[in-house]
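Here are my notes on this model, as numbered points. Please read them with the structure open.

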Amino acid sequence: MRKSFIAQNPSVMWFLIGLAVFTIVVTIMSEAGIGFLSTSFIKTLGKTLCLCLIAVAMDVVWGYCGILSLGHFAFFGIGGYSIGMWLMYARTEGIVAGNLANRTIPATPEEIEAAIGNQIFGVVGSSDFPMLWAFSDSLFLQLLMVVLVPGLLALVFGWLAFRSRVTGVYLSILTQAMTLALSLYLFQNDSGLRGNNGLSGLQNIPGFQGTPQSTISLAFFYASALALALGYIFCAWIVSGKMGSVIRAIRDDEARVRFLGYHVESYKLFVFTVTAIIAGIAGALYYPQAGIINPAEIAPIASIYLAVWVAIGGRGRLYGAVIGAAFVSLLSSWFTGGGAPPINLGFYTVQWTDWWLVLLGFSFVAVTLFFPKGIGGLFDYLVRKPQ
């Protein structure tokens, strides 16, 4: 008898149970419950779930397929910009309409549009809507852009790279170059996305001005948890069965898989494109909780951090990617947010806001040398410990 997907992948069931329990506990301890967890911390947890989702996508493309992409955070940022454009437009439209409502002569649609443009782009010395904002007044179309833009960019880039059989470090450099080019372009004021200022005020959801941030943050937390659950199931399906076997074989010996008659480029393109779409969805959920997005979020260093999270958690294990992203993200918030007390050495005081990245670098080196399977590998050892 053929086993069900869950029976073949029991870790998926345990992950979903753990995520459900975590969601319930956070709900009880939030301001809507006993009030132990602040709204800002709920937002931090919601953002962490989004980072876990992109880490799972990164694990599929790198840990299972062997493609070390240093550009997946670019897709994450594109998803954030896509939803951010609608959030800024809709919120500004409401403010402008309210300001012009008291005029003796009602404002024309052209005047309203010009006032919205001036509010959004005045910071970069313009008032005209760029072509990029053509669909910014439609939530449906911008949500479509969250999926289409990262997917099409990954599809075109992947097709060009994989058909040329670019592999290894050269492919990593190409993905990093793509990310750097996009980041540098967005830093320009004429990019159409407000240059270095980025998009701000994204936490103010249009139509919910009277809703407390505690309620909105909890709603986004639920959405992030649901997205992570669905994304985890989908990625687990990709890496299981025949497809998963072929993907892992490509990672281990691409030439032999090609010799056996499999179209390697198609598998790699599928994985690269699908994980880019997942990254875009994660970004669309992350930045309304962060409240702001600017080109620095798409800088190549962000994608490098993503690879570090996956390596620390355990490459080639979906739950390892979740553990790594959650562990490093929450630890980073604690160290850089002033939670970790400074250490006075007498001759020097260690301020963790300055030394956190150094600690992260040492952690990555230590994991690579002493725990190559990451934190997830420790769980494997405990579960499968020889008798």
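1. Aromatic pairs come first. The count comes to 17 aromatic pairs in this predicted model. One of them joins Phe73 and Phe76: the ring centres are 4.6 Å apart and the planes stand at 45°, so this pair is tilted. The angle falls between the cut-offs, because planes under 30 degrees apart count as stacked and over 60 as edge-to-face.

2. Look at where that pair sits. Both Phe73 and Phe76 belong to helix H4 (residues 72-100). They are three residues apart, about one turn of the helix. Phe73 is buried, and Phe76 is buried as well.

3. Phe73 and Phe76 form one aromatic cluster with Tyr286, Tyr287 and Trp309.

4. Now the surface. A nonpolar patch is made up of Ile343, Leu345, Phe347, Tyr348, Trp355, Val358 and Phe362. Together these residues have about 740 Å² of accessible area. Helix H14 (residues 352-370) gives the largest share of the patch, three residues.

5. Trp355 lies in helix H14. Its relative accessible area is 36%, so Trp355 is partly exposed. That value also passes the patch cut-off, because patch residues need over 30% relative accessible area.

6. Glu113 is placed in helix H5 (residues 109-121). Is Glu113 buried, partly exposed or exposed? Glu113 counts as partly exposed, because its relative accessibility is 33%.

Key:
Residues are numbered from 1 along each chain as its sequence is written. This is a predicted model: local features need pLDDT of at least 70, side-chain atom pairs count only at pLDDT 80 or more; totals for chains, interfaces and linings use all residues. Side-chain values use heavy atoms; hydrogens and water are left out. Helices (H or I, at least four residues) and strands (E, at least two) are DSSP runs, numbered from the N terminus. Buried means under 20% relative accessible area, exposed over 50%, partly exposed in between (1.4 Å probe, protein chains only). Rings of Phe, Tyr and Trp (its six-membered ring) pair if their centres lie within 6.5 Å; planes under 30 degrees apart count as stacked, over 60 as edge-to-face and the rest as tilted. Patches are made of residues with over 30% relative accessible area and no salt bridge: like charges are joined within 9 Å, nonpolar side chains (Val, Leu, Ile, Met, Phe, Trp, Tyr) within 5 Å. Accessible areas come from the Shrake-Rupley method with a 1.4 Å probe; for residues, only the protein chains shown count as cover. A salt bridge is a side-chain nitrogen of Lys or Arg within 4 Å of a carboxyl oxygen of Asp or Glu.
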